[in-house]
Amino acid sequence: MGHDAPPRWDRRMQQRLARGEAAALGELYDRFASLVHSLAYRVLDDETAADRITREVFGYIWEHPDTYDPKQGPLRSWIAGITRHQAVARLRQTEAASARDCGEDAPAPAEIEQKIREASTAARADYIVTSMPAPLRAALELAYFQRRDYRQTAADLGVTEDEARRRLRLGLQLLSTAHNQQVAPPAHRTTYASSRIRASSAAPRLPQPPHARHAGPGSTSPPGPGRGRAL
């Protein structure tokens, strides 16, 4: 997944994207494509759909870099938020279409919404874990994935038992926020019609995102030109 970037890098990247630098989009993709794809896959459980969401997210960023506000948090979190919103919207569309096809055998709307909430929460939890400082993440992985108790966790990490408990407690507190966050659509402070169109600076052909499982059959190029900045 994408690595954390300092705030100065975030601001600089936004400025470059706003100027229409195609190379900036390529750098952003290299850094965050794995993050976007893995979050989309966590929601949709489908490689092809995750590929499509990945292209849509970077297409949105290219057309609307000014919707990112550095004062609201790091660029990484903003991209993750867009991804979850797009993936949840796609899941809702897919589930609605499936329900129509099933007719009377379709699940109740409440069941569909519960499935969507669970998928969104799982994606956010994954993001929180990968965004944690390494000491907290290591403690959680030992305790909950390798089934170590806090004494074994302390021994493996080379820290005191009190420190192991502190790290586990803080990690769990961070994870608990996954259940309290709602996926909101990205704020449109600019419209497609008012976006600056730079037909002369075409975006790079972005490679297929690195997959944690296997390469999907999706297209390797970004979305085609829309009503915003030309791709």
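Student: Where does G20 lie in this structure?

Tutor: This is a predicted model. In it, G20 sits in the loop between α1 (7-18) and α2.

Student: Is G20 buried or exposed?

Tutor: Start with the cut-off: buried means under 20% relative accessible area. G20 has 5% relative accessibility, so G20 counts as buried.

Student: How many residues apart in sequence are G20 and E63, and how far apart in space?

Tutor: They are 43 residues apart in sequence. From C-alpha to C-alpha, G20 and E63 are 9.0 Å apart.

Student: How do I read the overall fold? How many helices and strands are there?

Tutor: Count the elements, then read their order. The protein has eight helices and zero strands. Along the sequence the pattern is α-α-α-α-α-α-α-α.

Student: What share of the contacts joins residues 24 or more positions apart?

Tutor: Take the contacts in the protein with a separation of 6 or more. Residues 24 or more positions apart account for 73% of them.

Student: And what percentage of the residues count as buried?

Tutor: The protein has 231 residues, and 43% of them count as buried. The protein exposes about 12600 Å². Carbon and sulfur atoms supply 51% of that area.

Student: Next, backbone angles. Which phi does D45 have, positive or negative?

Tutor: D45 has a positive phi, about 55°, although D45 is not a glycine. Then place the residue. D45 lies in the loop between α2 (22-44) and α3 (47-63).

Student: What is the phi of R147?

Tutor: R147 has a positive phi of about 60°, and R147 is not a glycine either. R147 is found in the loop between α6 (134-145) and α7 (150-157). Its relative accessibility is 69%, so R147 counts as exposed.

Student: Where is F145 found?

Tutor: F145 belongs to helix α6.

Student: Why does F145 count as exposed?

Tutor: Apply the cut-off of over 50% again. F145 is exposed because its relative accessible area is 65%.

Methods
Residues numbered from 1 in each chain as written. Predicted model: local features only at pLDDT ≥ 70, side-chain atom pairs only at ≥ 80, totals over all residues. Heavy atoms only, no water. Helix = DSSP H or I, 4+ residues; strand = E, 2+ residues; numbered from the N terminus. Buried < 20%, exposed > 50% of the residue type's maximum accessible area, 1.4 Å probe, protein only. Contact = heavy atoms within 4.5 Å. Areas by Shrake-Rupley, 256 points an atom, 1.4 Å probe, with all protein chains shown as cover.
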